[in-house]
Amino acid sequence: MHHDTTFVDDLGLDPDQTSVADADRDQRSHDWGTAREDGVRPDVVVWPESTADVASVMRAATEHGVPVTPYAAGTSLEGNAIPIDGGITLDMTRMDAVLDVRPDDLQVDIQPGILGDDVNEAVAKHGLFLPSMPASGKISTIGGMLANDASGMKTVKYGEVSDWVLGMEVVLPTGEVITTGSRAVKTSSGYDLGDVVVGSEGTLGVITRVTIKLAGRPAQIRGGRAHFETLDDAAEAVFDAVRSGVDVAKIELIDRLSAAMSNAHLDTDLPDVPMVFVEFHANHGIEAEIEFCRSVFEAHDVTSFEVAENDRGMDELWAARRELAEALEPYEDHLSPLTPGDVTVPISEYPGIIRYAKELAEAEDFLIPCFGHAGDGNLHYAVMVDKDDPDHVARGADVSRKIVERAIELGGTSTGEHGIGLGKQDYLVAEHGEAAVDAMRSIKRALDPAGIMNPGKVFDGPDA
């Protein structure tokens, strides 16, 4: 759907803050999870530079009935930022400032377009960091992380990025500006609108300022890698470590196929065996925690457990996990990942969901590398398909659907961190129930009466 761009004159922006150039529109027509040929161009790209700019754009968009889709780094994986109805793409990357650092309060105020790693760089001189930062922090923005309720490798110890948010400034679709939370570390005042906005994928408003709490950098950081004979042993070791209370900051798993893919990509000669990667953070006594972890792993027939003495050694030990996302595509010339699966289940069910995925892979004759943030029950998987073979793609989609449905049956979720976007809408009712989804739709209608805010995402049907 395309819109007459005469509305641009009413947005209240300077000429250098808008563009209808093909290159600018093409760049924001897709994200990492969507091929360029499947993207949708907006009619205009706009770059707000202040909260007032965002409010002005939203007021005009509501008045003209023009869709608005927030966009920043474009690193989402479920089509969350694709402007499927055209209209305005609201590129937030010029709002990337650190507004205020308050080291005595362990807090920082930032704008949404700032990259995650730039936040940590800004507060590092005070000995502080945002501990829940995902590995994608070097390429993704804080606003995008909160819109999709992102998390990452350190969630097992530090929680999600949103768990560290104290307050936000948000522009509603009507152009009204609200604030959520406060600079206090807790509050019992009113509805928690912050938690409503977080994870809403740009369908309820635009985040323009965030107050985040910080933590002191740990004095001791050590990382290591363990090898196991079987995937069951590795998955059970992870479950046992978490259940036993091993204080890990990261605990990641990759299966035998993922190990083979990483070895091929990195040209390394590690054994193609299931691996568990661990990282420990502490201010004292880290050796005792490492030995505790070792004893748990030994109960599950670990074949080797190596812990690095320094950062360089830790980077080398972790290379197979860190580079895995880049290793999937080139492994088999004719196969590509169909979908970036990211189901999450209760930790007690983690070995079971992996076992189920592998049984499906064997029964249906698909390559399905399994890996992920094992400590919080988050399984990432990729069904490898020949995208030139429609039947193979359809069969692969059915296999992926079965994995998601099993995760929900086990008390889990269809998406641990990527969001619903366009790709997971079919599972929303199965996971939450009709009444809960109706309640979500009611919130959407109340805050976005004109239906202009990132339409078509999260929900399917007329209220999308």
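Tutor: Start with a term. Rings of Phe, Tyr and Trp pair if their centres lie within 6.5 Å. Keep in mind that this is a predicted model.

Student: OK, which residues do ring pairs link into a cluster?

Tutor: Phe-228, Phe-297 and Phe-305.

Student: And how many aromatic pairs does the count come to?

Tutor: Four. One of the pairs is Phe-277 with Trp-318. Their centres are 5.5 Å apart, with 50 degrees between the planes. That makes the pair tilted.

Student: Why does that pair tie together parts that are apart in sequence?

Tutor: Phe-277 lies in strand S14 and Trp-318 in helix H10, so the pair ties together parts 41 residues apart in sequence.

Student: Are Phe-277 and Trp-318 buried or exposed?

Tutor: Both are buried.

Student: What sits over the ring of Trp-318?

Tutor: The charged end of Lys-250, 5.1 Å from the ring centre. Trp-164 has a lysine over its face too: Lys-213, at 5.7 Å from the ring centre.

Student: New topic. How much space lies in the second largest pocket?

Tutor: About 640 Å³. Helices H6, H14 and H15 each give two or more residues to its lining.

Student: Which residues lie nearest its centre?

Tutor: Val-198, Gly-199, Ser-200, Glu-201 and Met-440, out of 28 lining residues. The lining divides into ten nonpolar, eleven polar and seven charged residues.

Student: Last one. What does the UniProt annotation say about residues 38-217?

Tutor: The unreviewed entry labels them "domain: FAD-binding PCMH-type". In the model, that span is 21% helix and 24% strand. Its end C-alpha atoms lie 43 Å apart.

Technical notes. Residues are numbered from 1 along each chain as its sequence is written. This is a predicted model: local features need pLDDT of at least 70, side-chain atom pairs count only at pLDDT 80 or more; totals for chains, interfaces and linings use all residues. Side-chain values use heavy atoms; hydrogens and water are left out. On a 1 Å grid over the protein atoms alone, a cavity is a set of points where a 1.4 Å probe fits but cannot get out, and a pocket is an open set with protein on both sides within 12 Å along at least five of seven lines; lining residues have an atom within 4 Å of a point. Grid points are joined across faces, edges and corners, and a volume is the space filled by probe spheres set on the points. Helices (H or I, at least four residues) and strands (E, at least two) are DSSP runs, numbered from the N terminus. Ala, Val, Leu, Ile, Met, Phe, Trp, Tyr, Cys and Pro count as nonpolar, Asp, Glu, Lys and Arg as charged, and the others, Gly among them, as polar. UniProt positions are given in the numbering used here, feature names are shortened, and annotations may be inferred rather than shown by experiment. Rings of Phe, Tyr and Trp (its six-membered ring) pair if their centres lie within 6.5 Å; planes under 30 degrees apart count as stacked, over 60 as edge-to-face and the rest as tilted. Buried means under 20% relative accessible area, exposed over 50%, partly exposed in between (1.4 Å probe, protein chains only). A charge sits over a ring if NZ of Lys or CZ of Arg is within 6 Å of the ring centre and within 35 degrees of the ring normal.
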